Amino acid sequence: MGFLFASSWFLLAPLLAAYAPRQLFQTYFNLFLRRHARRLLNVVDPYAFVEIAVCPAPAQTYGLQPVAFTDATFEEVQAYLSGTCSREDARELRAEGAKHGDGLVISVKDGEDVADEFRGVTLWWSSVTTVDGPTGGNHANGNSNNQERRCQRLTFHKRHRRLVMDDEYLPHVRRRGREILFANRRRRLYTNNRNLDSYMSKPWSYVDFDHPTTFETLAMDPARKKEIVDDLDAFRNGEEYYKRVGKAWKRGYLLHGPPGTGKSTMIAAMANHLKYDIYDVELTMVRNNNDLRRILIETTSKSIILIEHIDCSLDLTGERAKKKAAAQLYDPYASTVTLSGLLNFIDGLWSALGSERIVVFTTNHIDKLDPALIRRGRMDKKIEMSYCSFDAFKTLAKNYLDIDAHRLFGAVEEHIREVEITPADVAECLMEAKHGRYGEDASMELLIGELKKKREEAKVAADAAAKAAAAAAKREK
């Protein structure tokens, strides 16, 4: 029956076009023939198309801040095609520099197709250039402006529409594309700017982050390192868990211990392990709670938000309000960030903007911090960075001298168990001898000499403390 209707249509169409008014012709087609023509088209061409176009550039705003286009779907699809789809059958390819990092993004040129297989279904991608409608200009004079836009076109059989559009394939493409973009990008170390008087002001400046430290080179007890790495991995893979329990996908770490015990090195190792950016917040440059909220909004997911020496950054204990009011009398630009504002920054409603972020505080004096600042739920894991152990020394010996054993290791172990020496001091001894090209023996002897010196200093200090205690007891009698 459908075939008879289609045959009649092809016979009658020229007559209707010649003698019937245009409006009557369109009405007749819409009422009687459109459905049958669509069925015939489905038989002849059973494929559907989806085009994903590059996001347009911001329109001119004449001095106002341009609208920020954040849709990265085209870039994600392009990265997916560059890193996943087979390109053996494509003869002409296009190579472009990655937007972030030093890599290349490979894509097919217009007219080329590549095939992808997903859940046993074959789909085809092609690169095309479309022309948008007029975007301005004098149409009367024929000077309309048409804008060309690059698209990635996906072709698939119509019976797979639900698989592609609603269920799995396109979300899979975007997710995998984001992973590739994230892995290839150049990571950054951000610091906040002081002047945020207008919304045109940029809250962050950055440099490329190329710190070489990893957990393999971090001087720490191996069991404690493994515990930290496992905790970081659990956080990174915990998106579904955080959704299920109804919590923002973030985690707080407090690193505390004496100077030189490796707190900053630990942060670099965490960032390198997770491949996260670092946002180094200098609280003394944040004028008020509103600015603090603004710089938080401008941070990205997959990042570490760092506040070093939290006990020194702001006066968050004692009579805070009085001291801040007095400071502003002399310096109108002095920070008025409050403890309440900082707590909202960590785990208030504003902290839930974005996801997959780690907040890290460091301090040399944990006893000086307000208990409300470091309670569970804000600082989820407290990591004590202690003095150098023998296991940590062996890591440093491997790093600086490239040795796993030495005849003087026993002497080092004997002394290092009885003195308090930081990993930074041990590393300095090993590096000093190595730079002087004295060899492994000289490096080990220099370190043993430093350990003996600290042992004597500790003994003198203990004797002096004992004498002072005895004198105080005698006075009390």
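Buried here means under 20% relative accessible area, exposed means over 50%, and partly exposed is whatever falls in between, with a 1.4 Å probe and protein chains only. The model is predicted, so local features need pLDDT of at least 70 and side-chain atom pairs count only at pLDDT 80 or more, while totals for chains, interfaces and linings use all residues. Residues are numbered from 1 along each chain as its sequence is written, and side-chain values use heavy atoms, with hydrogens and water left out.

On those terms, K398 comes out as partly exposed, at 37% relative accessible area. Its partner is D402: the two form a salt bridge, with 3.2 Å between the closest N and O atoms. A salt bridge is a side-chain nitrogen of Lys or Arg within 4 Å of a carboxyl oxygen of Asp or Glu, and the count by this rule is 20. D402 itself is exposed, at 55%. It sits in the loop between α13 and α14 (409-416), helices being DSSP runs of H or I with at least four residues and strands being runs of E with at least two, numbered from the N terminus. D402 also has a positive phi of about 55 degrees, although it is not a glycine.

H309 is another non-glycine residue with a positive phi, here about 50 degrees. H309 belongs to the loop between β11 (303-307) and α10 (310-313) and is partly exposed, with a relative accessible area of 36%.

Other salt bridges reach across the sequence. E227 and K381 meet through their side chains at 2.8 Å, N to O. This pair links distant parts of the chain, as E227 is in helix α6 (residues 222-236) and K381 is in strand β13 (residues 381-384), 154 residues apart. K381 is buried at 15% relative accessibility, whereas E227 is partly exposed at 45%. In another pair, the closest N and O atoms of K454 and D425 are 3.9 Å apart. K454 lies in helix α16 (residues 439-476) and D425 in helix α15, so this bridge ties together parts that are 29 residues apart in sequence. D425 is partly exposed, at 32%. E76, R174 and R178 are linked in a network of salt bridges.

Next come the pockets. A pocket is an open set of points on a 1 Å grid over the protein atoms alone, where a 1.4 Å probe fits and protein lies on both sides within 12 Å along at least five of seven lines; lining residues have an atom within 4 Å of a point. The second largest pocket has a volume of about 430 Å³, a volume being the space filled by probe spheres set on the points, which are joined across faces, edges and corners. It is lined by 24 residues, and L218, G262, T265, P423 and A424 are the closest to its centre. Helices α8 (263-274), α13 (390-401) and α15 (423-435) each supply at least two lining residues. The lining divides into 11 nonpolar, 11 polar and 2 charged residues; Ala, Val, Leu, Ile, Met, Phe, Trp, Tyr, Cys and Pro count as nonpolar, Asp, Glu, Lys and Arg as charged, and the others, Gly among them, as polar.

Finally, T213 is found in the loop between β8 (204-208) and α6 and is buried, at 10%. T213 and A269 are 56 residues apart in sequence, with 5.3 Å between their C-alpha atoms.
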